[in-house]
Amino acid sequence: QEILPCALAIYIHSSDQPLPTYDEVLLCTPQTTFEQVELFLRRCLIPGRRGQKIYTLLHADELIYEVGLKLEQLFRRVEVQCKEQYRLVIICNSDQDHCYIPSIFSQYKLHIIPQEPLERIQKYLQKHFMVPQ
């Protein structure tokens, strides 16, 4: 499964949606610490920080159990206090449904894979991905 094109498809949904910034995406690995996940989640859920950003947690199925457990606990605590809407997308490998994060967030699960044609992804990137001169 192509995780990065899937993530880009979420942002491409609106052609005016800018590329995500460094604070909107967390690419998880087994080495991702809870501190990294906590900072990411707080940026997403704390009022006044969100705006119209889409926060995307990629490869969340790769988090080790302890980090996933703490993520769930923090999410439940902070989300209850969250009175405003937020935009959080968790993308996992579909072969890893048995892992902790996909199973605890299964109630929110969508059985779709956001996809866009390669040509549309390339046009979106050409429009939004510019190197400062």
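## Salt bridges in a predicted model

Lys 53 and Asp 23 form a salt bridge, with their closest N and O atoms 2.9 Å apart. The pair ties together parts of the chain that are 30 residues apart in sequence, because Lys 53 sits in the loop between helix 2 (34–45) and strand 2 (55–58), while Asp 23 belongs to the loop between helix 1 (3–12) and strand 1 (25–27). As for solvent, Asp 23 is buried at 8% relative accessibility, and Lys 53 is partly exposed at 27%. Please keep in mind that the model is predicted.

The count comes to 4 salt bridges.

| Salt bridge | N to O distance |
|---|---|
| Lys 53 with Asp 23 | 2.9 Å |
| Glu 38 with Arg 42 | 3.2 Å |
| Glu 72 with Arg 76 | 3.5 Å |

Let's turn to the helical pairs. Glu 38 and Arg 42 both belong to helix 2, where 4 residues, or about one turn of the helix, lie between their positions. Glu 38 is partly exposed, with a relative accessible area of 24%, and Arg 42 is partly exposed at 31% relative accessibility.

Helix 3 (residues 65–81) holds Glu 72 and Arg 76; they are about one helical turn from each other because they stand 4 residues apart in that helix.

Notes. Residues numbered from 1 in each chain as written. Predicted model: local features only at pLDDT ≥ 70, side-chain atom pairs only at ≥ 80, totals over all residues. Heavy atoms only, no water. Salt bridge = Lys/Arg side-chain N within 4 Å of Asp/Glu carboxyl O. Helix = DSSP H or I, 4+ residues; strand = E, 2+ residues; numbered from the N terminus. Buried < 20%, exposed > 50% of the residue type's maximum accessible area, 1.4 Å probe, protein only.
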